[in-house]
Amino acid sequence: MTTRFFPNQASLGVLYALGSGVEKNVIEAYIWLSFAALNGNKAAKTQRDDSIALQMTANEIREAQKRIELLIDKIKNAKKYINKKSLIIFCAVYGVALLFT
């Protein structure tokens with residue numbers, strides 16, 4: 001598992017949580033903090049669980065989790081068909097780390 005993208009993922013989550021430079025969106029905040037947490041950022045997990053999730057409805061949390069699962073599936077499927085360099089570019093474009101290296 002690589003961690004080179006997670007500081008940016010956590011930062012993006014915070015920006016969405018605050019509505020700083022982007023429209024405030026707790027679902028996007030939850031998603032990006034979750035990716036950071038999956039890559040080992042404990043502070044992102046804490047912020048997601050102790051702050052963002054408390055501001056969300058159960059339906060919003062389910063929607064965020066569904067979107068996370070879909071993107072993880074895309075990454076897994078992409079790894080089957082493209083070389084590692086192309087996969088790194090794919091992940092950089094989508095702003096996610098290689099969760100399953």
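How many helices and strands are there in the protein chain?

1. The protein chain has five helices and zero strands. Its pattern along the sequence is α-α-α-α-α. Helices (H or I, at least four residues) and strands (E, at least two) are DSSP runs, numbered from the N terminus.

2. This is a predicted model: local features need pLDDT of at least 70, side-chain atom pairs count only at pLDDT 80 or more, and totals for chains, interfaces and linings use all residues. Residues are numbered from 1 along each chain as its sequence is written, and side-chain values use heavy atoms, leaving out hydrogens and water.

3. Look at the aromatic rings. The structure holds one aromatic pair. The ring centres of W32 and F35 are 6.0 Å apart and the planes meet at 50°, so the pair is tilted. Rings of Phe, Tyr and Trp (its six-membered ring) pair if their centres lie within 6.5 Å; planes under 30 degrees apart count as stacked, over 60 as edge-to-face and the rest as tilted.

4. Both W32 and F35 lie in helix α2 (residues 26–38). They are three residues apart, about one turn of the helix. W32 counts as buried at 10% relative accessibility. F35 is buried too, with a relative accessible area of 0%. Buried means under 20% relative accessible area, exposed over 50%, partly exposed in between (1.4 Å probe, protein chains only).

5. Now the whole chain. Buried residues make up 40% of its 101 residues.

6. R48 lies over the face of Y30, at 5.5 Å from the ring centre. The rule: NZ of Lys or CZ of Arg is within 6 Å of the ring centre and within 35 degrees of the ring normal.
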